[in-house]
Amino acid sequence: MKLNGLLNQLHISTTTEDDPVITGITSHSKKVKPGYLFFAISGVHADGHQYIQEAFENGAAAIIGEYDEEIGPGHYFYAKDTKQLLSLAASYFYEEPYKKHKMTGITGTNGKTTTSFLLQHILDSHGISTALFGTVYHFINGTKVKSSHTTPDPVTLQQMLSESKDDTVVMEVSSHGLEQKRIEGITYDQAIFLNLTHDHLDYHGTMESYYLCKAKLFSYLKNKGTAIICSEGHYGKRLTEELNKKNDLQVWTYGKRKTDSFYIEDVGKNSFNLVHETLQVTVPLPLPGEYNALNTTAAIAAALDYGIPIKSSIEYLKSFAGIPGRFEEIILQNGTEVIVDYAHTPDGVSQVLEAASKKAGNRPLYHVFGFRGNRDLTKRSEMISISLEYTTKTILTVDDLNGVDRDQLVQETQEAIPKASQLPVIVPDRTEAIFFALKEAPPNAVVIITGKGPEKYKEAYTHPSDSDLKTVELFQSMNKPTFI
Ligand SMILES: CC(=O)N[C@H]1[C@@H](OP(=O)(O)OP(=O)(O)OC[C@H]2O[C@@H](n3ccc(=O)[nH]c3=O)[C@H](O)[C@@H]2O)O[C@H](CO)[C@@H](O)[C@@H]1O[C@H](C)C(=O)N[C@@H](C)C(=O)N[C@H](CCC(=O)O)C(=O)O
Ligand SMILES: Nc1ncnc2c1ncn2[C@@H]1O[C@H](COP(=O)(O)OP(=O)(O)OP(=O)(O)O)[C@@H](O)[C@H]1O
């Protein structure tokens, strides 16, 4: 690809005499190789304009930045919004790879991973090869690829789209990804809105700007594309109203109202009823909880939009194998049921504890969880209150420190405890906290550990383990019953 052609596609109305070949695109100066086009971006921690010199030294063919002045010894072009242009340039560089696939984007505070796994399972079972881009891992051409972001940076994203030979791409679209315009240069055949509840206010500031950011996904829908929206909650209703005013989209809602395009009722332990137009069917619940009936309905609706009959989706769901760290269950030798789950927002914790307490019935329910350092502090008290409401015993611990001193995080956790008659226990070492819960809980109890799901620990703890699941397994192996 030549520079002048790319500048033209980006609507930068300057040309260069030498018109160099562009060999790659990046916004990180240290990744620049000879012939690269470097985009200078002002970020949260650094300003890419400070690294222009380094980019030239590493061989950049040209730079695009937001400073309206000549910088450096080589080609420099001014642009108003380098984040947007970086994504567009990456898309053009890889020859607009989204056009090779059917594209599904899924957004929402909670449930993106779950819904994307469910949809991928249905599509794959139907013979539609499907790539998955998301938090747990990416899955391209039948192979798992390590994921560092829910929505990858634009260059990685476009490269993955280009490498994928899959018919369909199902991708989680995070609010950070939307705000940073990582998906610019892609249009979607369908977009799904799951919910919007308290999270990431450290980044978005207010729920209003968080909503406006999530709603942006729907502006990337193709003409006649399908919007699938959960109507439970204020924001889903608002989005539906806003999108219904546009005539160029198919808008489907799902939820618990009879007016929803996909209406669910009678959510039980193992199944729920789904009504769509004249069809009424029983759907097996692939994972416990009403929230998972909703996630499943979103996946069934998306599959129907791609031509898969609802009854076929139901058949396929019977072989769904679950998702790492999403209501993942282990039964200890003494009978204690342990659940590891990724809930890390007030709504997520509330939903999963509701499902866990239904499972526990009259049995005791123990809950172990903690907070991440440097992340939305305003959700902490609410999460503790919810835990205290649902559980027999709450054991607070720490999650990733993210650079915060452990004692400070423990102190912050202590301060977040609302005044309540039943006080939680604090065990700062996460492995000790899990051991404590498993030792304290009577054999008939259910112990739920939330926050990390399948993620590896970033901190070192007393017991040699690198994830919640491994800690539970370690406890098992150290506490094997001895038979005489
Ligand atoms: C807050 C945030 O989202 N930051 C993301 C953002 O970084 P940034 O623009 O703020 O980068 P910065 O560090 O300030 O640097 C500014 C610019 O200087 C450049 N630079 C910097 C240093 C240098 O030596 N040379 C150089 O050129 C950087 O490449 C960058 O272009 O853009 C980067 C490239 O796309 C991301 O890797 C980075 O993700 C950080 C690491 C991150 O942790 N993000 C999380 C919060 C995130 O995105 N999470 C969502 C999921 C959230 C959820 O739903 O739970 C996700 O999609 O993964
Ligand atoms: N529809 C939902 N509504 C509320 N909570 C949910 C919903 N779906 C899942 N959850 C809860 O949120 C947790 C995370 O789910 P999931 O990983 O699917 O969400 P996510 O949106 O991908 O999260 P993240 O973007 O942070 O990775 C689950 O383990 C569960 O406890």
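The following legends describe close-up views of a predicted model.

Figure 1. Ligand 1 is surrounded by 22 residues. The closest of these are Lys30, His45, Thr150, Ser174 and Gln180. The side chain of Ser29 places a polar atom 2.8 Å from a nitrogen atom of ligand 1. His45, listed among the closest residues, takes part through its backbone: one of its backbone N or O atoms is 2.6 Å from an oxygen atom of the ligand. In the side chain of Arg182, an N or O atom lies 2.8 Å from an oxygen atom of ligand 1.

**Figure 2. Surroundings of ligand 2.** Around ligand 2 there are 20 residues, and the closest are Gly111, Thr113, Thr114, Arg326 and Asp341. Asn195 contributes a polar side-chain atom, which lies 3.3 Å from a nitrogen atom of the ligand. Tyr342 takes part through a backbone N or O atom, 3.4 Å from an oxygen atom of ligand 2. His344 uses its side chain, where a polar atom lies 2.8 Å from an oxygen atom of ligand 2.

**Figure 3. Packing of helix 8 against helix 9.** Two packed helices are described by the angle between their axes and the distance between the axes. Helix 8 spans residues 207-215 and helix 9 spans residues 234-244; their axes come within 11 Å and cross at roughly 50°. Helix 8 is therefore oblique to helix 9. The crossing of helix 8 and helix 9 is right-handed. On the side of helix 8, the contact involves Met207, Glu208, Tyr211, Leu212 and Ala215, while helix 9 supplies Tyr235, Arg238, Leu239 and Glu242. Sorted by class, the residues of this contact comprise six nonpolar, no polar and three charged.

**Figure 4. Packing of helix 10 against helix 11.** Helix 10 (residues 290-305) packs with helix 11 (residues 310-317) at an angle of about 130°, and their axes are 9 Å apart. The two helices are therefore oblique to each other. Helix 10 and helix 11 form a right-handed crossing. From helix 10, the residues Thr296, Ile300, Ala303 and Leu304 meet Ile310, Ser313 and Leu317 of helix 11. The contact of helix 10 with helix 11 has five nonpolar and two polar residues, with no charged residues.

**Figure 5. Packing of helix 12 against helix 13.** The axes of helix 12 (residues 346-360) and helix 13 (residues 380-390) cross at roughly 10° and come within 9 Å. Helix 12 is therefore roughly parallel to helix 13, because angles under 35 degrees count as roughly parallel. Helix 12 brings Pro346, Val349, Ser350, Leu353, Glu354 and Ser357 to the contact, and helix 13 brings Glu382, Met383, Ile386, Ser387 and Tyr390. The residues of the contact of helix 12 with helix 13 comprise six nonpolar, three polar and two charged.

Conventions: Residues are numbered from 1 along each chain as its sequence is written. Chains are lettered from A and ligands numbered from 1 in the order in which they are written. This is a predicted model: local features need pLDDT of at least 70, side-chain atom pairs count only at pLDDT 80 or more; totals for chains, interfaces and linings use all residues. Side-chain values use heavy atoms; hydrogens and water are left out. Axes are lines fitted to C-alpha atoms, for helices over the stretch in contact, and angles run from 0 to 180 degrees between N-to-C directions. Helices (H or I, at least four residues) and strands (E, at least two) are DSSP runs, numbered from the N terminus. Angles under 35 degrees count as roughly parallel, over 145 as roughly antiparallel, 65 to 115 as roughly perpendicular and the rest as oblique. A crossing is left-handed if the near helix is turned anticlockwise from the far one by less than a right angle, and right-handed if clockwise. Contact means heavy atoms within 4.5 Å. Ala, Val, Leu, Ile, Met, Phe, Trp, Tyr, Cys and Pro count as nonpolar, Asp, Glu, Lys and Arg as charged, and the others, Gly among them, as polar. A residue is near a molecule or strand if one of its heavy atoms lies within 4 Å of it. A polar contact is a pair of N or O atoms within 3.5 Å; within protein, one must be able to donate a hydrogen and the other to accept it, and residues adjacent in sequence count only if both atoms are side-chain atoms.
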